[in-house]
Amino acid sequence: MSYDQIWIGLGAALLLVLGSIACLGIWTYRDAKARGLDAGIWTIIVILVPNLIGLLLYFLIGRKQQRALCASCGGQTELGKHYCSNCGVSLVQPGMTVPSDAKHSKKPLIAAMVGMILTSLLVLGVVFGSLYAAQPEMFAAKNVSIGQTQTMRPGAWKLSFWYFNGEKVQAIKIKQGESKQITLDTEIKKGTVEAVISLDGKEQKRLLLNGLDTPYIWDLSDLPDSGRITLHLYAEEARGKVNMDWR
């Protein structure tokens, strides 16, 4: 995925978000108005409170505050009261309207929900597409591991595993001016583990980690100064630990 495609995807996601918010606002305003609620306030709450919490509040609180409309003065009074809280006239009379469940279309609400789902899927696609463009080897790696713990931070990669069969991949970056080397502290109790250095997808160096003296310094000084360096671990029914540091 190119940078242009990433920006196009993010732009489409933004348009979907804005469209979903607009549909959600339209439905909330219509629904709240039909129920005799303060439509403007509830619309603002639903739109501005993030993660759909505003919509949840509207369903749990707002819709339970349904009001009756006084036929005499047009004022709104809570359901269950016999007299208008505005003019005092009896509400038990012909002409009084009590809002029932909204009869207006739920299409804006459905459109908003669909838009949000599509936005989430689109954002996930952009994220994974960006990762694949930056490091395709990571998605090609396949492995079966049991009882594994893994720690990754800039300049270090530590793994321990009860059973590891397959491949793991990690991009590494050695700053210019620093010595090109990896310090390894390994203990392979069972099976075999090999480390491979590739540059721009092409294998450059390979090292069997079984039986290494620790710490072991793996010299990478013969690698070019430019290019994407990737560290691969290949294991066959292995058990043990591998700690690597290239800071």
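Predicted model: local features only at pLDDT ≥ 70, side-chain atom pairs only at ≥ 80, totals over all residues.
Residues are numbered from 1 along each chain as its sequence is written, and side-chain values use heavy atoms, without hydrogens and water.

**Cores**
- The largest nonpolar core has 27 residues, and I182, L209, L231, L233 and M244 have the most contacts inside it.
- Elements giving two or more residues to this core are β5 (156-172), β6 (181-199) and β9 (229-245).
- A second, separate core of 11 residues includes W27, A32, L55 and L109.
- A nonpolar core is a set of buried Ala, Val, Leu, Ile, Met, Phe, Trp, Tyr and Cys residues joined through side-chain atoms within 4.5 Å.
- Buried means under 20% relative accessible area, exposed over 50%, and partly exposed in between (1.4 Å probe, protein chains only).
- Strands (E, at least two residues) and helices (H or I, at least four) are DSSP runs, numbered from the N terminus.

**Aromatic pairs**
- The structure holds five aromatic pairs.
- Rings of Phe, Tyr and Trp (its six-membered ring) pair if their centres lie within 6.5 Å; planes under 30 degrees apart count as stacked, over 60 as edge-to-face and the rest as tilted.
- W27 and Y58 pair edge-to-face, 6.0 Å centre to centre, with 90° between the planes.
- W27 sits in helix α1 (residues 3-34) and Y58 in helix α3 (residues 53-60), 31 residues apart.
- Both W27 and Y58 are buried.
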